[in-house]
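Biologist: I would like to learn how to read a protein model step by step, beginning with a single residue and ending with the whole chain. Could you guide me through it?

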Amino acid sequence: MSFSSEVKQELAKQSGKSRHCQIAELAALVAFDGKRQQLIGDAGDVLDSENPLLQEKYGLLLAQLFHVNIEEIDTLPLERILETIKMWNQSLRCADITETVNGILLQQTCCRRAYIRGAFLAGGSISDPNKSYHFEIVCREIAQAKQLQDAINSFEMEAKIVERKKHQVVYLKEGAQIVDMLNIMEAHVALMNLENVRILKEMRNSVNRKVNCETANISKTVAAAVKQLCDIEYIKQNAGLDSLPENLKDMALLRLEYPDTPLKELGTYLDPPVGKSGVNHRLRRISEIADELREKE
(Lines give C-alpha, C1' and ligand atoms only; values in the text may rest on other atoms or scores of the structure.)
Protein backbone atom coordinates (compact mmCIF):
# COMPACT_ATOMS: atom_id res chain seq x y z
CA MET A 1 0.00 0.00 0.00
CA SER A 2 1.33 3.47 -0.92
CA PHE A 3 1.91 6.14 1.70
CA SER A 4 -0.95 8.16 0.19
CA SER A 5 -3.30 5.19 0.54
CA GLU A 6 -2.24 4.70 4.16
CA VAL A 7 -3.07 8.33 4.92
CA LYS A 8 -6.50 8.00 3.31
CA GLN A 9 -7.19 4.75 5.17
CA GLU A 10 -6.51 6.57 8.42
CA LEU A 11 -8.57 9.63 7.48
CA ALA A 12 -11.52 7.52 6.36
CA LYS A 13 -11.96 6.44 9.98
CA GLN A 14 -11.49 9.98 11.32
CA SER A 15 -14.32 12.51 11.53
CA GLY A 16 -15.12 15.60 13.54
CA LYS A 17 -16.94 15.16 16.84
CA SER A 18 -19.15 18.19 16.27
CA ARG A 19 -22.05 18.21 13.85
CA HIS A 20 -20.83 21.36 12.09
CA CYS A 21 -17.46 19.69 11.39
CA GLN A 22 -19.17 16.61 9.99
CA ILE A 23 -21.27 18.84 7.73
CA ALA A 24 -18.15 20.64 6.47
CA GLU A 25 -16.42 17.36 5.65
CA LEU A 26 -19.50 15.96 3.91
CA ALA A 27 -19.81 19.17 1.90
CA ALA A 28 -16.16 18.79 0.82
CA LEU A 29 -16.75 15.21 -0.35
CA VAL A 30 -19.73 16.29 -2.43
CA ALA A 31 -18.04 19.44 -3.76
CA PHE A 32 -14.92 17.57 -4.86
CA ASP A 33 -16.56 14.31 -5.96
CA GLY A 34 -20.29 14.93 -6.27
CA LYS A 35 -22.17 14.37 -9.52
CA ARG A 36 -22.74 17.56 -11.45
CA GLN A 37 -26.19 16.74 -12.87
CA GLN A 38 -29.11 18.85 -11.67
CA LEU A 39 -31.36 15.98 -10.60
CA ILE A 40 -29.97 13.01 -8.67
CA GLY A 41 -31.56 9.66 -7.87
CA ASP A 42 -31.16 8.93 -4.17
CA ALA A 43 -28.90 9.57 -1.19
CA GLY A 44 -26.53 6.77 -2.17
CA ASP A 45 -26.09 8.18 -5.67
CA VAL A 46 -24.48 11.53 -4.85
CA LEU A 47 -20.76 10.77 -5.28
CA ASP A 48 -19.30 10.41 -8.74
CA SER A 49 -16.56 8.00 -7.68
CA GLU A 50 -17.07 4.34 -6.90
CA ASN A 51 -13.99 4.34 -4.68
CA PRO A 52 -15.04 2.10 -1.76
CA LEU A 53 -13.02 4.16 0.74
CA LEU A 54 -14.77 7.35 -0.32
CA GLN A 55 -18.16 5.66 -0.28
CA GLU A 56 -17.40 4.29 3.19
CA LYS A 57 -16.55 7.76 4.51
CA TYR A 58 -19.65 9.22 2.87
CA GLY A 59 -21.80 6.59 4.56
CA LEU A 60 -20.08 7.11 7.91
CA LEU A 61 -20.75 10.84 7.82
CA LEU A 62 -24.40 10.35 6.87
CA ALA A 63 -24.85 7.81 9.66
CA GLN A 64 -23.33 10.23 12.19
CA LEU A 65 -25.24 13.27 10.98
CA PHE A 66 -28.66 11.68 10.64
CA HIS A 67 -28.37 8.97 13.30
CA VAL A 68 -29.08 6.03 11.01
CA ASN A 69 -27.37 2.73 10.33
CA ILE A 70 -25.04 2.47 7.32
CA GLU A 71 -27.56 0.12 5.68
CA GLU A 72 -30.25 2.79 5.93
CA ILE A 73 -28.52 5.73 4.26
CA ASP A 74 -30.20 5.07 0.90
CA THR A 75 -33.54 5.77 2.58
CA LEU A 76 -32.52 9.29 3.60
CA PRO A 77 -34.29 12.04 1.66
CA LEU A 78 -31.82 13.52 -0.80
CA GLU A 79 -33.26 16.97 -0.27
CA ARG A 80 -32.52 16.75 3.45
CA ILE A 81 -28.86 15.83 2.84
CA LEU A 82 -28.27 18.59 0.30
CA GLU A 83 -30.08 21.16 2.42
CA THR A 84 -27.80 20.25 5.30
CA ILE A 85 -24.66 20.94 3.27
CA LYS A 86 -26.20 24.05 1.61
CA MET A 87 -26.40 22.48 -1.87
CA TRP A 88 -30.15 22.39 -2.49
CA ASN A 89 -31.94 24.98 -4.60
CA GLN A 90 -35.13 25.55 -2.65
CA SER A 91 -36.90 27.49 -5.39
CA LEU A 92 -36.18 24.95 -8.14
CA ARG A 93 -36.49 21.97 -5.81
CA CYS A 94 -33.35 20.40 -7.24
CA ALA A 95 -29.71 19.74 -6.46
CA ASP A 96 -27.40 22.73 -6.68
CA ILE A 97 -24.06 20.97 -6.29
CA THR A 98 -21.25 23.49 -6.69
CA GLU A 99 -17.46 23.28 -6.72
CA THR A 100 -17.18 25.66 -3.79
CA VAL A 101 -18.60 25.10 -0.33
CA ASN A 102 -20.88 27.64 1.29
CA GLY A 103 -18.56 29.93 3.28
CA ILE A 104 -20.75 29.70 6.37
CA LEU A 105 -19.60 26.09 6.76
CA LEU A 106 -15.92 27.12 7.01
CA GLN A 107 -16.06 29.85 9.63
CA GLN A 108 -14.55 27.79 12.46
CA THR A 109 -11.02 26.39 12.53
CA CYS A 110 -12.21 22.86 13.29
CA CYS A 111 -14.59 23.00 10.31
CA ARG A 112 -11.78 24.05 7.98
CA ARG A 113 -9.79 21.04 9.21
CA ALA A 114 -12.72 18.77 8.37
CA TYR A 115 -13.21 20.45 4.98
CA ILE A 116 -9.53 19.95 4.04
CA ARG A 117 -9.73 16.32 5.19
CA GLY A 118 -12.76 15.71 2.97
CA ALA A 119 -11.13 17.46 0.01
CA PHE A 120 -8.01 15.33 0.39
CA LEU A 121 -10.01 12.11 0.59
CA ALA A 122 -11.86 13.03 -2.61
CA GLY A 123 -9.02 14.42 -4.69
CA GLY A 124 -5.73 14.38 -2.83
CA SER A 125 -2.45 12.46 -2.81
CA ILE A 126 0.93 12.48 -1.06
CA SER A 127 4.14 11.20 -2.62
CA ASP A 128 6.28 8.56 -0.94
CA PRO A 129 8.36 10.61 1.56
CA ASN A 130 11.33 8.29 0.97
CA LYS A 131 11.51 9.71 -2.55
CA SER A 132 10.20 13.28 -2.37
CA TYR A 133 7.90 15.63 -0.50
CA HIS A 134 4.75 16.52 -2.41
CA PHE A 135 1.17 17.02 -1.21
CA GLU A 136 -1.61 17.93 -3.63
CA ILE A 137 -5.37 18.11 -4.04
CA VAL A 138 -6.87 18.24 -7.54
CA CYS A 139 -9.71 20.74 -7.94
CA ARG A 140 -12.33 21.07 -10.67
CA GLU A 141 -12.23 24.84 -11.08
CA ILE A 142 -10.09 27.82 -10.03
CA ALA A 143 -12.77 29.05 -7.59
CA GLN A 144 -12.65 25.72 -5.77
CA ALA A 145 -8.83 25.77 -5.76
CA LYS A 146 -8.73 29.28 -4.29
CA GLN A 147 -11.23 28.39 -1.58
CA LEU A 148 -9.16 25.36 -0.64
CA GLN A 149 -5.93 27.36 -0.79
CA ASP A 150 -7.41 29.96 1.55
CA ALA A 151 -8.55 27.25 3.97
CA ILE A 152 -5.10 25.65 4.01
CA ASN A 153 -3.25 28.96 4.29
CA SER A 154 -5.42 29.98 7.23
CA PHE A 155 -3.19 27.55 9.18
CA GLU A 156 -0.08 29.61 8.27
CA MET A 157 0.80 27.37 5.34
CA GLU A 158 2.03 28.40 1.89
CA ALA A 159 -0.12 26.35 -0.48
CA LYS A 160 0.21 27.20 -4.18
CA ILE A 161 -1.97 26.57 -7.23
CA VAL A 162 -0.88 25.21 -10.60
CA GLU A 163 -2.94 24.27 -13.67
CA ARG A 164 -2.58 20.70 -14.89
CA LYS A 165 -4.60 19.09 -17.70
CA LYS A 166 -7.53 21.51 -17.37
CA HIS A 167 -7.62 21.03 -13.61
CA GLN A 168 -6.35 23.26 -10.82
CA VAL A 169 -3.98 21.64 -8.33
CA VAL A 170 -3.38 22.99 -4.83
CA TYR A 171 -0.02 21.74 -3.58
CA LEU A 172 2.70 21.86 -0.91
CA LYS A 173 6.30 20.73 -1.44
CA GLU A 174 8.07 21.28 1.88
CA GLY A 175 8.38 18.30 4.23
CA ALA A 176 7.72 20.38 7.34
CA GLN A 177 4.52 21.84 5.88
CA ILE A 178 3.28 18.41 4.81
CA VAL A 179 3.82 17.21 8.38
CA ASP A 180 1.75 20.18 9.57
CA MET A 181 -0.92 19.35 6.99
CA LEU A 182 -1.22 15.79 8.29
CA ASN A 183 -1.66 17.26 11.75
CA ILE A 184 -4.34 19.63 10.45
CA MET A 185 -6.24 16.72 8.89
CA GLU A 186 -5.65 14.68 12.10
CA ALA A 187 -3.75 11.86 10.43
CA HIS A 188 -1.52 11.37 13.47
CA VAL A 189 -0.20 7.89 12.66
CA ALA A 190 0.84 8.98 9.17
CA LEU A 191 2.39 12.10 10.70
CA MET A 192 4.65 10.01 12.95
CA ASN A 193 5.63 7.76 10.04
CA LEU A 194 6.52 10.78 7.94
CA GLU A 195 8.50 12.35 10.77
CA ASN A 196 10.51 9.13 11.16
CA VAL A 197 11.34 9.19 7.46
CA ARG A 198 12.29 12.88 7.64
CA ILE A 199 14.58 12.30 10.62
CA LEU A 200 16.38 9.43 8.87
CA LYS A 201 16.73 11.44 5.66
CA GLU A 202 18.08 14.46 7.51
CA MET A 203 20.59 12.28 9.37
CA ARG A 204 21.76 10.70 6.11
CA ASN A 205 22.00 14.10 4.44
CA SER A 206 23.95 15.49 7.40
CA VAL A 207 26.40 12.58 7.31
CA ASN A 208 26.78 12.90 3.54
CA ARG A 209 27.45 16.62 3.84
CA LYS A 210 30.13 16.02 6.48
CA VAL A 211 31.72 13.24 4.43
CA ASN A 212 31.70 15.40 1.31
CA CYS A 213 33.17 18.29 3.25
CA GLU A 214 35.91 16.11 4.72
CA THR A 215 36.63 14.63 1.31
CA ALA A 216 36.85 18.09 -0.22
CA ASN A 217 39.17 19.26 2.55
CA ILE A 218 41.40 16.21 2.15
CA SER A 219 41.53 16.69 -1.62
CA LYS A 220 42.37 20.34 -1.15
CA THR A 221 45.12 19.51 1.37
CA VAL A 222 46.61 16.82 -0.87
CA ALA A 223 46.57 19.13 -3.90
CA ALA A 224 48.30 21.87 -1.90
CA ALA A 225 50.95 19.43 -0.61
CA VAL A 226 51.64 18.16 -4.14
CA LYS A 227 52.03 21.73 -5.39
CA GLN A 228 54.43 22.51 -2.53
CA LEU A 229 56.57 19.46 -3.30
CA CYS A 230 56.67 20.31 -7.01
CA ASP A 231 57.79 23.87 -6.23
CA ILE A 232 60.49 22.70 -3.82
CA GLU A 233 61.79 20.13 -6.33
CA TYR A 234 61.85 22.81 -9.03
CA ILE A 235 63.92 25.14 -6.85
CA LYS A 236 66.21 22.26 -5.87
CA GLN A 237 66.90 21.35 -9.50
CA ASN A 238 67.23 24.88 -10.90
CA ALA A 239 68.75 27.02 -8.16
CA GLY A 240 69.47 24.65 -5.30
CA LEU A 241 67.89 24.78 -1.85
CA ASP A 242 70.95 26.64 -0.53
CA SER A 243 69.73 29.64 -2.54
CA LEU A 244 66.79 29.96 -0.14
CA PRO A 245 66.90 31.97 3.11
CA GLU A 246 67.69 29.70 6.07
CA ASN A 247 64.13 29.65 7.44
CA LEU A 248 62.69 28.74 4.02
CA LYS A 249 65.36 26.12 3.41
CA ASP A 250 64.53 24.42 6.72
CA MET A 251 60.87 24.48 5.76
CA ALA A 252 61.56 23.00 2.32
CA LEU A 253 63.66 20.18 3.75
CA LEU A 254 60.95 19.35 6.29
CA ARG A 255 58.26 19.24 3.61
CA LEU A 256 60.38 16.88 1.51
CA GLU A 257 60.92 14.65 4.54
CA TYR A 258 57.26 14.70 5.63
CA PRO A 259 55.20 15.10 2.43
CA ASP A 260 51.88 14.01 4.02
CA THR A 261 52.13 15.82 7.35
CA PRO A 262 49.52 18.54 8.09
CA LEU A 263 50.84 22.10 8.38
CA LYS A 264 50.15 22.39 12.09
CA GLU A 265 52.16 19.27 12.88
CA LEU A 266 54.87 20.21 10.42
CA GLY A 267 55.48 23.42 12.35
CA THR A 268 56.25 21.50 15.56
CA TYR A 269 59.29 19.92 13.87
CA LEU A 270 61.00 23.30 13.46
CA ASP A 271 63.32 24.77 16.06
CA PRO A 272 61.85 26.92 17.41
CA PRO A 273 58.36 25.55 16.57
CA VAL A 274 56.14 27.59 14.25
CA GLY A 275 52.33 27.73 14.13
CA LYS A 276 50.15 26.71 11.20
CA SER A 277 49.93 30.22 9.79
CA GLY A 278 53.73 30.58 9.98
CA VAL A 279 54.25 27.30 8.10
CA ASN A 280 51.67 28.32 5.51
CA HIS A 281 53.38 31.69 5.02
CA ARG A 282 56.80 30.06 4.46
CA LEU A 283 55.47 27.49 2.01
CA ARG A 284 53.60 30.22 0.11
CA ARG A 285 56.85 32.21 -0.12
CA ILE A 286 58.67 29.13 -1.45
CA SER A 287 55.97 28.78 -4.15
CA GLU A 288 56.38 32.45 -5.10
CA ILE A 289 60.15 31.91 -5.49
CA ALA A 290 59.53 28.87 -7.67
CA ASP A 291 57.14 30.91 -9.86
CA GLU A 292 59.75 33.69 -10.19
CA LEU A 293 62.31 31.11 -11.37
CA ARG A 294 59.87 29.74 -13.95
CA GLU A 295 59.22 33.23 -15.30
CA LYS A 296 62.96 33.73 -15.90
CA GLU A 297 63.21 30.67 -18.13
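This is a predicted model: local features need pLDDT of at least 70, side-chain atom pairs count only at pLDDT 80 or more; totals for chains, interfaces and linings use all residues.

Biologist: Is Ser4 buried or exposed?

Modeller: A residue is called buried when its relative accessible area is under 20%. Ser4 has a relative accessibility of 11%, and therefore it counts as buried. If we set aside residues up to four places away in sequence, Ser4 touches Phe120, Gly124, Ser125 and Ile126.

Biologist: How should I think about a nonpolar core, and which residues of the largest one touch the most other members?

Modeller: The general idea is that in soluble globular proteins, nonpolar side chains tend to be buried together. In this chain the largest nonpolar core holds 61 residues, and those that touch the most other members are Ile116, Leu148 and Leu182. Helix 2, residues 19–33, supplies the largest share of this core, with 8 residues. Apart from this core lies another one, of 17 residues, which includes Leu241, Leu244, Ala252 and Leu263.

Biologist: Which residues are in contact with Ile116, leaving aside its neighbours within four places in sequence?

Modeller: Ile116 is in contact with Ile137, Leu148, Ala151, Ile152, Phe155, Met181, Ile184 and Met185.

Biologist: Why can helix 7 be described as largely enclosed by the rest of the structure?

Modeller: Here we count buried residues along the helix, and because 8 of the 11 residues of helix 7 (residues 175–185) are buried, the helix is largely enclosed by the rest of the structure. The buried residues in helix 7 are Gly175, Gln177, Ile178, Val179, Met181, Leu182, Ile184 and Met185. Just after helix 7 comes Glu186, which takes a positive phi of about 70 degrees.

Biologist: Turning to the whole chain, how many helices and strands does it have, and what does its radius of gyration tell us?

Modeller: The chain has 11 helices and 6 strands. Its radius of gyration is 35 Å, well over the 19 Å that the globule rule gives for 297 residues, so the chain is more spread out than a compact globule. Along the principal axes, its C-alpha trace spans about 105 × 35 × 30 Å.

Biologist: What share of the residues in the chain is buried?

Modeller: Buried residues make up 44% of the 297 residues. As for the accessible surface, it comes to about 16200 Å², and 50% of that belongs to carbon and sulfur atoms.

Methods: Residues are numbered from 1 along each chain as its sequence is written. Side-chain values use heavy atoms; hydrogens and water are left out. Helices (H or I, at least four residues) and strands (E, at least two) are DSSP runs, numbered from the N terminus. The radius of gyration is taken over C-alpha atoms; the globule rule is 2.2 Å times the number of residues to the power 0.38. Buried means under 20% relative accessible area, exposed over 50%, partly exposed in between (1.4 Å probe, protein chains only). Accessible areas come from the Shrake-Rupley method with a 1.4 Å probe; for residues, only the protein chains shown count as cover. A nonpolar core is a set of buried Ala, Val, Leu, Ile, Met, Phe, Trp, Tyr and Cys residues joined through side-chain atoms within 4.5 Å. Contact means heavy atoms within 4.5 Å.
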